Amino acid sequence: MADSARLRIDATFRHEAGRLVGALTRLLGDFDIAEEAVQDALVEAVARWPAEGIPERPAAWLQRTARNRAIDRLRREAKGREKLALIAADPLREPGAVPQAEPDERLRLLFLCCHPALSPDAQVALTLRAVAGLTTAEIASAFLTSESTISQRILRAKRKVATAGIPYRMPDDQLAHRLPPVLAVLYLMFNEGYLTSHADEPQRRWLQEEAEELAELLTRLMPREPEPLGLLALMRMHLARSQARFDGAGRIVRLRDQDRGRWDAAAISGAIRLLRRAASLGRPGPYQIQAAILAVHAEAPSWDVTDWPQIVALYDLLLRYDDTPVVRLNRLIAVAAVEGPQAALAQAEPLAGALACYHLFHATRAELLRGLGRDAEAQAADRQALRLAGNPAERALISSRLGDRCPGPAMAHPPDPRP
């Protein structure tokens, strides 16, 4: 019972956290109290549900408990009397009772967490905590840093929200200006679900779906903005291939070895329609281009007949918008297919300094070296990749190439890259 209760708690909390924090913030005008009250409700659920049983309506239970914890905190503070009156006058709506005409509470909360007054790191940490419902430990794992560092980052961010008077509302005529950090945070949220940094699981489907749902809400809010459409298409194409990405033992299946019959063809077609809709608006951007790269892969009947020159051309276009070492690294997969491993290796070497701590740089370099018959150097590069990799499925894949006990399929190119 304890294990099943904890799984139910996690699933309910992940789904409801953003809505609950948003609803309490709307009611109280105090993000800090709202976020802490929702976290307190989770702690109480963890303590009580395994012993007492899961409530018939767990979301309503969490909502009621969070509201009560907020009341308890306000009673301890002199400034809370006015806000207590707000709660008494306007009780929270039942889960699912928000009228369709109103923006989703999570969307308001997302724009608050991504306010330009906050640093990019703070925006991501606050969103993962308040909107996605990740624990401080899980966020620390995603950032590859300590819990205390993340706790301080979140604390400083919440103080900034309070001292700067950042309002809990949609930014009206500033929506387009506020869009880039929102898209970046959703992209990173999806990325953490796609191939998680968490030590115990290779992916988090629920986190991918949460990011995808928020991206869809954003496209409804801003239907004439092409980049949200591009990001949503990108996410949906990745989700469409998810059933083929891992084998029965949870090991990564490389893109070239995936059973394309297991891809969701209807979902891919829908994502491509979204991409065409974005392109019709005449303002290309990095998310649209990345989705276009995925579309080339998705439309190829097999790895061998993939249109690699087109992918190289798309990466060249992407570099005009997002010229980063990671984009240049991902481009090398296509370069090797078009020009051969020697040309790709020559372009990889200048990235060594910037990507020395990135495991996929070393995994990519190992594949290129192996393609040139330089097996000893390839083994050394794989060992370095293994030292840096944190995801269990990636570690298994690299270990298989080194002949370690951790099995995995042989590999002829780098792992299916993160979005």
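**Briefing on a predicted helical model**

Thr-25 is buried, with a relative accessible area of 2%.

**The chain as a whole**

- Of the 419 residues in the protein chain, 52% are buried.
- The protein chain exposes about 18400 Å², and carbon and sulfur atoms supply 51% of that area.
- When contacts between residues at least 6 apart in sequence are considered, 64% of them join residues at least 24 apart.

**Helices H6 and H8**

- Two packed helices are described by the angle between their axes and the distance between the axes.
- Helix H6 covers residues 120-130 and helix H8 covers residues 147-163; their axes come within 9 Å and cross at roughly 95 degrees.
- An angle of 65 to 115 degrees counts as roughly perpendicular, and H6 and H8 are therefore roughly perpendicular to each other.
- On the H6 side, the residues in contact are Asp-121, Ala-122, Ala-125, Leu-126 and Arg-129. On the H8 side, they are Arg-153, Ile-154, Ala-157, Lys-158 and Val-161.
- Sorted by class, this contact of H6 with H8 has six nonpolar residues, four charged residues and no polar residues.

**Thr-25, a residue in a helix**

- Thr-25 lies in helix H1, which spans residues 2-28.
- Which residues does Thr-25 touch, not counting those up to four places away in sequence? They are Asp-30, Phe-31, Ala-34 and Tyr-168.
- Thr-25 counts as buried because its relative accessible area of 2% is under the 20% cut-off.

**Leu-281, a residue in a loop**

- Leu-281 is found in the loop between helix H12 (265-279) and helix H13 (286-299).
- Is Leu-281 buried or exposed? Leu-281 is buried, with a relative accessible area of 16%.
- Leaving aside neighbours within four places in sequence, Leu-281 is in contact with Pro-223, Arg-224, Glu-225, Pro-226 and Leu-229.
- Leu-281 and Arg-224 are 57 residues apart in sequence, and their C-alpha atoms are 7.2 Å apart in space.

**Confidence in the prediction**

- The mean pLDDT of the protein chain is 84, and 86% of its residues reach 70 or more.
- Over residues 96-102, pLDDT stays under 50, and the model has four contacts beyond four places in sequence for this stretch.
- Over residues 404-419, pLDDT also stays under 50, and the model has 54 contacts beyond four places in sequence for this stretch.

How values were computed
Residues numbered from 1 in each chain as written. Predicted model: local features only at pLDDT ≥ 70, side-chain atom pairs only at ≥ 80, totals over all residues. Heavy atoms only, no water. Buried < 20%, exposed > 50% of the residue type's maximum accessible area, 1.4 Å probe, protein only. Contact = heavy atoms within 4.5 Å. Areas by Shrake-Rupley, 256 points an atom, 1.4 Å probe, with all protein chains shown as cover. Axes fitted to C-alpha atoms, helices over the stretch in contact; angles between N-to-C directions. Helix = DSSP H or I, 4+ residues; strand = E, 2+ residues; numbered from the N terminus. Parallel < 35°, antiparallel > 145°, perpendicular 65-115°, else oblique. Nonpolar A, V, L, I, M, F, W, Y, C, P; charged D, E, K, R; others polar. pLDDT = per-residue confidence, 0-100.
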